[in-house]
Amino acid sequence: MDNLTTILSCTIAAGTPMVYSICGDLVGQRTGIISLSMEGSMLCGACVGFGVAVYTQSLLLVILASAAAGAFIGLIQAYLSIDRKANMLASAFVLNFLATGLTAFFGISLLGEKLLGFNVIKIPLLSEIPILGKSLFSQDALTYIAFLLPVGIHLVLYKTRLGAVIRSAGESPEVTLAYGYNPRKIRYGAVLFAGAMAGIGGAQMSVFFTRNWANEMINGRGFIGSSMVALCAWRPLRSYMAAYLFGLAQSLQVFFQIKAVPISPYVTMMFPYLITLVALAITSMSKRPGMPETLKIVSEEMTDPIKKIKERKLLRR
Amino acid sequence: MKTRRLIALVLMSTLLAVLLLAGCGQAPAASTAPDSEKGTAQSTPVSTEASTGSAAKPGAGATKAAVLLGGTREDYGFNYACANFGKQLQETLGIEVIIKENVSDTSDAEGVIEELITQGCGIVVATQFGFLDATINVAGRHPDVAFYYMGNTDKNHDNFSVINGQQWDPWYLCGVLGGFVSEGGNIGFVASMPVPDVMIAINSFQLGAQSINPDAETHVVFTGAWDDAGLATTAANQLIGSGCDTIAQFQDTPKPIIDLCEREGISVFGCNSDVMELAPDVWISSMVCDWDGYMQPIKEAIDGNYECVFLQGSFSENLAKIARTGTRVTEEMNEHIGAIIEQMRADAFHVFEGPVYNQRGEVMFEEGYQPSSAEINTIDWFVKGVIGNVN
């Protein structure tokens, strides 16, 4: 029983930052822009969020500041990939190095800080439920928001006019234009939103999960989040599954070792990535991929360059 | 079409070259001296500044030393301790010390070391294991500079010396303290990677713990990363959840786990640095390097008597020691480890002296057998009482 509670709590803790990054990038990818710079956005959000938490102790300011920090990286990504038509992946990698440098520089004074406050909020009655109570309803504010976030994004994407416009920007920008909206602005908004969400996810990690700022503390979670969007087949409700699958894998990585399950630690250490890879391989074979049309163009160029070259040669003839 | 692209390419590369040249031109101008002088100084480094004292001995008369760190000095772990080493070097030997943080352990390190030598550093201290190749390569090009390497290797030659504090003695003492303070005898160990240094730490820790409490167990979790605050937190949380009342760790940044244990009221060990002030109420101790032993060879090099050294050891050589002990450690416990330290200094106590059993209870070192350093460094199994897998 106790084991189950611990595993579940650790799954939630490790998976929650991923919910933010997956949901954010999902909206961005829906408009046709992949933000691999989520890693950098999360890092900036974690650093700025932790700083604001230490000096103001205000949750609202933490959320706003970390969102702004994440969106700052998002803004550069948007400018480069939308206006300058730079390669999305290449520019994102450079942005991540920029974020690593910036946060290492500005985060120096935060390395020794001790965080006060920001405790868990127990939901009355619900937190008394055995096993689930402690892991699900005895959490911090940003985790509760993460529980609601995918539903919120689902509702916006599928039930509102704004959602339809966002989706159209990724499926066929001509239609967006015909409806009187500027796809460029929609994309900018979506990429900024992606960055902001990643920033908040980073803050969740530094302020609530580890309660510490450390250089490069995101350690690839932004990249994984970005790739998990495909695992969700671009559907927000599936981000619960993807994020907490990663969380569970990290949790089990530790659990198996504590219980001395005879599996090599080299294998358990691969768990989070192995599971992501296997899940990606399975879902990408699915017959009903939800990939936005404009992303397909990018994706096909990357995955099937020879076909593309042949097509071009045919066209030239 | 093709020619137009070619022209564009040529134009772009010219632009790039011009920009690069402009960048190079500005950098020295901003630092010191007229440009022309700087140019010549760069081509013949150190020889002018560092070896003014005696003829050809490496590091002779050096006025500047460089300490290369693999991370930030504020990590409350190894780099923090190494930054203190830099300070001590400056205070005891009266030379200027440049502490270079966040040096990548790729071939980039070569460029960084070259740059430091250009700035006049006659002594270079490489603290991370990953700097090995880069340091050896640069050492070959600069016979007048003395290089000191802190990693565990026997590749010392000419102007490349190795000073390596051996960790098993202090880790054993940490284990002794762990055996004292852990009431349930369940100690969690958040390890990073299954490499020799970490294996030695875990094994010596368990040997120390079971010398006090024969039933003590060390539960090991490898995070697979030197520095992942999230995974370290998950590991420590689960270890505490599974009943461990004391946590030891081998992490580059020990602070997240120390903070966590402070909130939970769990006894905690640091790693590689004395940071008791972070949480004096739950802090037990930590293994740390003793920088005193590093000073003498470097002093001799500056005095013009450089010798290529290969120094290894702990208490007897003043190369490793144990950090301050926290409020949970009683006077008796301190006396107990004090007595062991005396024996270690007198070379009368050996951590891995047989009988040592592995996890399955098989004898690995026979009664009375003293394994050599090389044997200890290649241990790839856990001693009895360690719970966890390594292969």
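**Confidence.** Where pLDDT is low, the predicted coordinates should not be read in detail. The model scores ipTM 0.88 and pTM 0.85.

**Ground rules.** This is a predicted model, where local features need pLDDT of at least 70, side-chain atom pairs count only at pLDDT 80 or more, and totals for chains, interfaces and linings use all residues. Residues are numbered from 1 along each chain as its sequence is written, chains are lettered from A and ligands numbered from 1 in the order written, and side-chain values use heavy atoms, leaving out hydrogens and water.

**Interface.** I then turned to where the chains meet: 32 residues of chain A contact 38 residues of chain B. The two chains bury about 2,900 Å² between them, 56% of it on carbon and sulfur atoms (buried area is the accessible area, with a 1.4 Å probe, that two parts lose on being put together, summed over both). K114(A), Q257(A) and I258(A) supply 19% of the area that chain A buries against chain B, more than any other three residues.

**Salt bridges.** I found 2 across this interface (a side-chain nitrogen of Lys or Arg within 4 Å of a carboxyl oxygen of Asp or Glu). K114(A) turns up again here, bridged to E262(B) with the closest N and O atoms 2.9 Å apart.

Technical notes:
Contact means heavy atoms within 4.5 Å.
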